[in-house]
Every structure is written in C-alpha cells, then in structure tokens.
Amino acid sequence: MSKYFSNIFEAVSTLLTGMGITWRHMMNIRKDNVTLQYPEERWPRPERDIGFDFDNYNVIRSRLQVDIDDCIGCMKCERACPVQCIKIITTKSGAKGEDLPDINHTGVTSNGTKKALIVSRFDIDMTECCYCNLCTYPCPEECIYMTGGPNSHKHPIDYEFSQYDRNELIYKFAKDVDEEKLSKYFPRKKEAKA
Amino acid sequence: MTVDQLINWLPFGTDWPVITFLTAVIICALPVFLFIAVYALVAIYGEVKISSFMADKVGPMGQGVGLHAGKWGLLQPVADALKLILKEDIIPSAADKKLFVMAPFVVFIGAFISFAALPFSQNTIIADMNIGIFYILAVGSLSVIGIILAGWSSNNKWSLYGGMRSVAQIVSYEIPAGLSIISIIMLTGTLSMQGINEFQQGTIWGILPNWIIFNNPFSFIAFFIFFISGVAECNRTPFDIPEAESELVAGAFTEYSGMRYAFFFLSEYAEMFVVSGVSVTAFLGGWNSPISGFFNSPGWGVFWFMGKTLSLVFVMIWFRWTFPRLRVDQLMSICWKVFLPFSLLNIFGVGIWILIAG
Amino acid sequence: MGVVHGDLMTLNIGPQHPSTHGVLRLKVKTDGEIISEVEPIIGYLHRCFEKHCENVSYEQVIPYTDRCDYIAAMNNNFGYAVTVEELMEIKVPERVEYIRVIVAELNRIASHLLALGAYGLDVGAFTPFLYMFRDRERILDLFETLCGARLLYNYIWVGGVSHDLPPGFIDAVYSFLDYFEPKIEEYNELLTYNKIFIERTGDVGVMPPEVAVSYGVTGPNLRGSGVKWDIRKDEPYSIYDKFDFNIPVGAGKMGTVGDCWDRYFVRMVEMKESVKITRQALKGIPAGDVHQTLPKKIRPPQGSIYKRTESPRGDLAYYIVSDGSPIPYRLKMRSPAFTALSVLGEISQGWMMSDVLVILGSLDIVLGEIDR
C-alpha cells in the first residue's frame, strides 16, 4: 500500500523536476541559442564558442583544388587515393625546365623545381572523393590541397559547390591541350589506371 | 450574445421560426469557426516556437516580411495551412469511401459544438444552458465515433489498431474527468457554466480569489485529475501512443492527407482549447479577475478567460516536449488504478467538507 | 464448442523507420499485442568493406574503417592501428598513445550521447535528444580543429597520428570537460530518473547474464546485465593500464538486473568515467614526436593476428592476415553491434509491440557496423 503512494509521490516530483529544466532552458533562450541562420550567417563563425581560435586549425576538409602550374606529374596523389578518384595522364616533354607557350606549359614550378612531364589530364571526381585528405600529404610541390582554413592564402574556402548535373562535379584541372600539338613531344604516354 | 437573444432580435422571428433559428445559429457559429481557425494558427505557431525555445534553438525565423517565414517566423503557420490545403486528396481504393470521408467531419463536430457552452465573459456565451457542463462532457465524446470511423474505413491493419487504442484511451479517461466535475458541482449546486462562474466571484478571507481550486484540498486534487484526463482525451503526449510518430506507423490517421488531415489536426487543437476552457471555468474562476473588485467588466472578462485558457494550453505544450510517452497498458492502469480511486475519494471528501464547513 | 485457433500475425517494420538506427528490417510475429518472434533482416547497407580492404594498401584502409561504425570513427581507426602495429611489432611514441586515448575517449562520449539521445527519441521525449546533440556538437567542433573533419576522421594512422595537437587544444578540451560534467546531472534529472521513462524501460527486455554471454554480447549491453568485463581493464591495450577508472555495472536499481534501464544507465555512467580518463590523460601528456619513423610502404611480416579493443558498442576486433605485401591479404572486422542485434529475438519475447523499439534502442546498434 505504501508503495502505491510512494510511486505517485515519486512520479509527481520527477515530472515536476523535468518540467523545471525545460522551463529554465526556455527562459534562457537568448543566451543558449545554438542556431546558425544560414545563409545570412555562414560557418566559419569566429565567435562560435568552442574556446578555440579558428586561425589555429590544423587542417581542413573541403573541396580539392590543384594549382596545375605547380604539378610535376609524379602521380603520387593518384596512388595515394583509396577510392581512385584522381585520374592523371602525363606526357614526357622533350625540354626539361623550359616553357612551352604553344601548349601553355610552364617549365618551372613556383618552388623552383624543373618539370619534365606535361600533364594533359588531371581529373578529380568529387562525387567519388571521400575527403580523407590522403592525397595532399605525398605531393612534393604542395599543389593539391583542400581549399580554405590553413590554405586560405592559396584559395578561399569553398564548401558550397553543389551542381545540378553530376558531370559538372568532375573537376578538370589540366589545361586544355590539343592532341596534335602534344604529339610533337615524345609519343610515350603514361596512362592512368582505368 | 446568445442564440436566444438573437432570435428575439431578428425581425422575422414569429413568422418563420425555422429560418430564424437557422439564421441565428449560423450567425453564432461563423465567429466560432473563424475563432477556431485563427486560434489554431496561433497554437501551431506557439507550439513550434515554444518547443524550439525549450530545446535551445529558435525555430522558424525570418529577417522580414516576405523573406523565408516572415519576421520571427510569423508566416510559418500560414505556410503550413496553405500546404495542407494544396495537397493532393488521396483516398485509398480499398477504403470504405463514405465512412472515410465522413470521419474527419464527425471528429470536428465533436470539438466544434462544445464551443457553444464556453463562457467567454458575463454576456458572451452562445447558449447559456442550465446543463452547460454536462452538455460539454457529453458532446466531447462524439469524437470517439469519428476516430473509430477513421481507423476502420482506412482498411489498414495498423490504422484499426491505432484507432482502437485511441478509443479505449478516450473512453476510459472520461470517467475520472466526469467524476472530478461532479465533486465541484456539489459545491456550486448548479450545472450551468455561468452559474459556476458566478459562484466563484468574491474572495476567501479577503485576499485569495474565491476560485474552486482554493476552496478545499479535495478540489485542488480534482483540478489536476481533470486537467490530466483532459490531456489524455486530446491524445497529447505523454498519452499519444495512438498517433505517435516513432511507434511503427502513424495510427488511426495514416491514410489521410491534405485537408482531411488538417481537419483532424484542427479538431485536436480545438479540443485542447475546450478542455482548458472547461478546467478554467470549473476550477480557476472563468472570467473572474484574480484581483477581485478590479477589472471586472465584460471586456476584461474575455481577457481573463482567454488568458487563463491559453496558459493552460501552454502547459499542455510544455508537457508534450518534456516527457516520454506511456505505453498503452500503463496508460490504462494509471486511469483505472490511480485516477479513479482518487476522484471517488474527492467526491466523498468534498461531500464531507460541505457538511462540516457549511 | 471448438477451440478458437488464432494465427500469429506477421508485421513488417520496414527498412525505413523513424528511429535513427539505420536501414534495418524486422519481421515480427505477434499474437495480438504480445510478440512471439522477432527476426532481423540485414544487408541493406552492405558496402563490401572487407573486399575493398584486399585491394588497397594498409594506410589506405583507414578511411574505410572510419565508415563502418560512423558514430565512433576514432575507435575504429584506433583498433585497426593497434592491430597492425602489433603485427609489425613496432612501438609508438608516448605522446601518440596519450593523444590516441584522449581522442578515443572523447569519441566514446560523443557516441554515447547519440545513443542516449536517440533512445529518448524512441520513447517519445524530444528535448533530451536535442540537448545531447548540442553537447555532441562541441565535441565535433574540437575534432574539427584537430583534423578538419567532424564525423569521419582518418586521424589515427599506423605508427602515429596524422597531425599533432594544435595550440590551445588542451585548454579547449579542459573547458569542454568542465562544461560537460554538470550536464550529465541535468540529463539524469530530465530523463533518467523520470518516472514515465522508468516505467517504460525498467523491467523491460531483461537479458540475463547467461544469455548475454552465450550470445557473445559485449560492451555496455553485457555490463548492463551485471557481468564486469571491459577490455580496457581485462586485456589492456595501448596505455589504458596507466589510468584509474571504474567499470559501471548494471545492478537492477529500477527493476531487474539486465533490463533496458540498466543498459541506459551504464552508458550514462561510462560517460562520466570517460571524462575522468580524459582528464588524467590531459594532465600526463608528454611532449614528443607524433610519428614513428616507418618505411614508406607498410609491409608487415607474414602472419596473422586477431586483436580486440573496446569501442563504445562493445568488443571491436580485427583479424588481419598478411602475406608480406603492402596490401592486406584478408581483413575481417568483428562488429559488436552484430552480436547485440542477434540477441534481440531472444529478449523481446513476451513483450508488447511498443516494446520492440524500446529494446532495440537500448542495444545501441549502428547498421554501418553490422553490414559493413
């Protein structure tokens, strides 16, 4: 019999405590609000309360970007990708370190390395990319990177790159090169894995 | 402005009694329908915003009229209503067509006609019957038929299941509700709504308003029993097993879409208002002001009644967003094993109180 | 005067349902309201994880392991890295061990928050879900400063971690832990000791310890039934033997031992213990290098290994067979949620229809891990 009454008492007291908590949260809404009014307010929002300065981010994951003038065609990023979304085709250029203006090829990267290969195809399929960042570590010229964050000086952050057509998400970074002009150079081509 | 006054006022009263009666009734019913529509919009907006505030977010917001959802999201309920109206009206081919179409109307009628006896102020009541509160309790059970029709005619195993559970719940919870009302009727001696309100005029010991809830400890408990039974009758959390979203399927109303579903929705909110209105009238003083002697005019009466009722609707919304839901058998056991004995005890206690305290 | 013969009704709780567990199909046979049989049908999320791992090199497997148990991705990476390191018999620097423990315990807190929040949603309480997610967001923000990603990290590599802690990270974690500890009390007041919640989950879905052990259930599900078994204490890996923490065990406070409330409460207390471990690790973290010098290509010697670690769902194990090449010959992941799901049929017999989802929620399954 006493269990009956203690059940009722316990029920009423716990229910009232629960109601008190939601009341408190309701009253404190101005202070506790966690909504980000997109698209007027976008992330990154520096005053977001994580107790941490945004500038000190280690690394960021967003859209991949390639500075094609710096790419030496070593294909290390293609081998590092776990889902094989990078496809590169290179051709040996007969003139190492020389500019070839008729196909828009610069002979030297911004780090001073002389390029021996012409990159004729550099496609990254962002629909297959798993954003693991493994391709950025092996690049010797640091020309493939994810935009924004610590790389903001190279390219501002870009995470809103949705398209209506799937084909538009295959980013083609190589410069448009004519087949005829390319065959002037050594015909031996390094093929990408299918 | 009751129907009687209107009939007396209309010029062709004695010649065509039927038409006079119908005209008077329609003139009285239209404002109620408009009131329910506007109140439902306000209630939907309130529910969305209050639930968001309780969850540390701000809900629908806009940066100006016409953008997104209006300033502070005020256009959100309008958008909801428009969406429901514009939706395609699907009737399953294997459903019983006549009953399917009839169900939302029956449920709505049950909630709608109870408004006839709600006393908004001293002279704003549509029908001041001398059996007012009994009428509301009786008519509120009409929605049960509508839910059974909805569950059965959908020709869906799970709608039937949900409908049966809902009906069992509503019918069981009417008993403690009715018994709690009996205990206050013993105090007031009258079933009429205006009579109950007039009983609660004045003060106890000069400071406390003479509301029935403060009258004696038994009616204090009766208020809570009545209010919680009312929440159960509206199928709101924590008693919303019949229409719960995360319980397998959506219950009795699965097959309804568009405007028909809007009617069920509307009648749920209307029922919430009726239940709150009756608890305010019966226990919290109705249109009497809490500071007796001041703010007593009929205009202020509407303000007090609406204010108290809307605060009880707010409490119902508060319940929904704080508590988990009860399982069907636990719900029933609470009704029959806890509420029923306590309401019987209340009747007994109030009777003894009247005997002793004169 | 014949006998009324009733057939069992078959009900399908389809692959899409409102709970957050994923695409799972349950075939339930009921007699009125009482359940007589529950058969889970899985495979809707199978993505050939183990076959993929036979075609990529050891360090490229790590993004794949993230995606199995996507809610506690750090623990998956951790288990894999520890397994490969033991196969290659290399020892990682001290600082790496501490960082790994901090990150794994923070992810344990995040995973339990999601499990408990979703469980509240299953029983109909909408607000605790949102409160727990708000706190989970703060953990995900911390991880974002660390490795750029919020859910699938690719952070713990074989031989170390991918990046060192950024400046200010340790203070940020301390401030998060100070913010979070009173929140556990708030959740207890709001949901755990709420009478309606106790009615709904106490005494429901009781799993006796013998049943749990014979089905191979591990983790908080096993501890909720009273069996004190935690791999971090009983077969310690990494540096877990240096920390001082308790193993919460279900004691039947609100019903029988091994009911849904016990499993829920074990997870709640485990969050507190994880906070304790993280504080100890933050205090003791040494300076140092974050990468073990390894050859360019990871080539483990020929052999096989089976190693167990403790993920928030239970006993996560990897079985790797290596033939000396830089690509694994065979990799198998033993997922704890798979065995937890298998016990569902046993413990839900005799309960009502509304209890199926309650029991399923208390087992805390993730379909990504079950189907791989």
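Two strands are taken to pair if DSSP finds at least two bridges between them. In this predicted model, seven bridges join strand β2 (residues 25-31) of chain C to β3(C), and the two run antiparallel.

**Sheet of chain C**

- The three strands of this open sheet follow the order β1-β2-β3 (chain C), with antiparallel pairing.
- Because β1 (9-13) and β3 (34-41) of chain C each have a single partner strand, they stand at the edges, and one side of each is left without a neighbour in the sheet.
- On average, neighbouring strands of the sheet are turned by 20° against each other, direction ignored.
- Within the pairing of β2(C) with β3(C), K29(C) has E37(C), in β3(C), as its bridge partner.

**Contact between chains A and B**

- Chain B places 13 residues in contact with 14 residues of chain A.
- Helix α2 (residues 17-54) of chain B supplies three residues, the largest share of the side of chain B that touches chain A.
- That side of chain B consists of nine nonpolar, two polar and two charged residues.

**Packing of α1(A) with α2(B)**

- Helix α1 (residues 2-27) of chain A packs with α2(B) at an angle of about 100°, and the axes are 7 Å apart.
- Since angles of 65 to 115 degrees count as roughly perpendicular, α1(A) is roughly perpendicular to α2(B).
- From α1(A), the residues T22(A), H25(A) and M26(A) meet I50(B), F53(B) and M54(B) of α2(B).
- Four nonpolar and two polar residues make up this contact of α1(A) with α2(B), with no charged residues.

**Domains of chain B**

- Chain B is divided by its domain assignment into domain 1 (1-86) and domain 2 (88-357).
- A distance of 19 Å lies between the C-alpha centres of domain 1 and domain 2 of chain B.
- Domain 1 of chain B contributes 16 residues to the contact, and domain 2 of chain B contributes 20 residues.
- On the side of domain 1 of chain B that touches domain 2 of chain B, the elements giving two or more residues are α2 and α3 (76-86) of chain B.
- With eleven residues, α2(B) gives the most to that side of domain 1 of chain B.
- Classed by residue type, the side of domain 1 of chain B that touches domain 2 of chain B holds twelve nonpolar, three polar and one charged residues.

Technical notes. Residues numbered from 1 in each chain as written. Chains lettered and ligands numbered in written order. Predicted model: local features only at pLDDT ≥ 70, side-chain atom pairs only at ≥ 80, totals over all residues. Contact = placed C-beta atoms within 7 Å. Helix = DSSP H or I, 4+ residues; strand = E, 2+ residues; numbered from the N terminus. Nonpolar A, V, L, I, M, F, W, Y, C, P; charged D, E, K, R; others polar. Axes fitted to C-alpha atoms, helices over the stretch in contact; angles between N-to-C directions. Parallel < 35°, antiparallel > 145°, perpendicular 65-115°, else oblique. Domains from an automatic or database assignment.
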